[in-house]
Amino acid sequence: MTVLLPSALVRLFPGAPRVVEVDAANVAAAVVVLDARWPGMRDRLCDSTPAIRRHLNVFVEGERATLATPLPPGGEMLVMTAMSGG
């Protein structure tokens with residue numbers, strides 16, 4: 001599974017690339033893998049409920065995802081900062 005991270009997030013974790021390969025069954029497991037590589041990343045991606053933080057959007061194969069969304073082998077997970085304003 002290829003995970004694409006926003007530049008705003010990787011700037012907070014020295015050495016973290018924007019594109020990461022992970023072996024995970026679902027989005028929650030991918031977050032655990034990312035947090036193991038870069039401690040503290042889980043807290044930037046998830047809130048305490050746990051759920052994906054409000055200011056982030058996660059897409060798997062182009063579809064909006066939750067932590068329970070399965071990750072297909074060889075697929076793509078995109079983490080984006082949410083757009084807001086007025």
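Accessible area here is the Shrake-Rupley area computed with a 1.4 Å probe. With that settled, I looked up the total for the chain: about 5200 Å², of which 55% belongs to carbon and sulfur atoms. A reminder to myself: this is a predicted model.

**Entry: overall dimensions**

I checked the extent of the C-alpha trace next, and along its principal axes it spans about 40 × 30 × 25 Å. Does the radius of gyration agree or disagree with a compact globule? For 86 residues such a globule would have a value near 12 Å, and the chain has 12 Å, so the two agree. I also asked for burial, and 37% of the 86 residues count as buried. Then I turned to contacts between residues at least 6 apart in sequence: 42% of them join residues at least 24 apart.

**Entry: secondary structure**

I counted three helices and five strands in the chain. Reading along the sequence, I wrote down the pattern β-α-β-α-α-β-β-β.

**Entry: the sheet**

In what order do the five strands lie? I found β2-β1-β5-β3-β4, in an open sheet with mixed pairing. The edges are held by β2 (19–21) and β4 (63–64); each has a single partner strand, so one side of each is left without a neighbour in the sheet. I then looked at what lies against the sheet: helix α2 (residues 27–37) packs on it and touches β1 (2–4), β2, β3 and β5. For the angle between the directions of α2 and β2, I noted about 105 degrees.

**Entry: a closer look at β3**

My next stop was β3, residues 56–60. Is this strand mostly covered or mostly open? It is mostly covered, with four of its five residues buried; my cut-off for buried is under 20% relative accessible area.

I followed its pairing with β5 (residues 76–81), which is antiparallel and runs over five bridges. One bridge I can point to there joins valine 58 to valine 79 of β5.

The pairing of β3 with β4 is antiparallel too, over two bridges. Here I picked out phenylalanine 59, whose bridge partner in β4 is arginine 64. How many residues separate β3 and β4 in their hairpin? Two residues lie between them, and glutamate 61 in the turn has a positive phi of about 50 degrees.

**Entry: where I stopped**

Note on methods
Residues are numbered from 1 along each chain as its sequence is written. This is a predicted model: local features need pLDDT of at least 70, side-chain atom pairs count only at pLDDT 80 or more; totals for chains, interfaces and linings use all residues. Side-chain values use heavy atoms; hydrogens and water are left out. Two strands pair if DSSP finds at least two bridges between them. Contact means heavy atoms within 4.5 Å. Axes are lines fitted to C-alpha atoms, for helices over the stretch in contact, and angles run from 0 to 180 degrees between N-to-C directions. Buried means under 20% relative accessible area, exposed over 50%, partly exposed in between (1.4 Å probe, protein chains only). The radius of gyration is taken over C-alpha atoms; the globule rule is 2.2 Å times the number of residues to the power 0.38.
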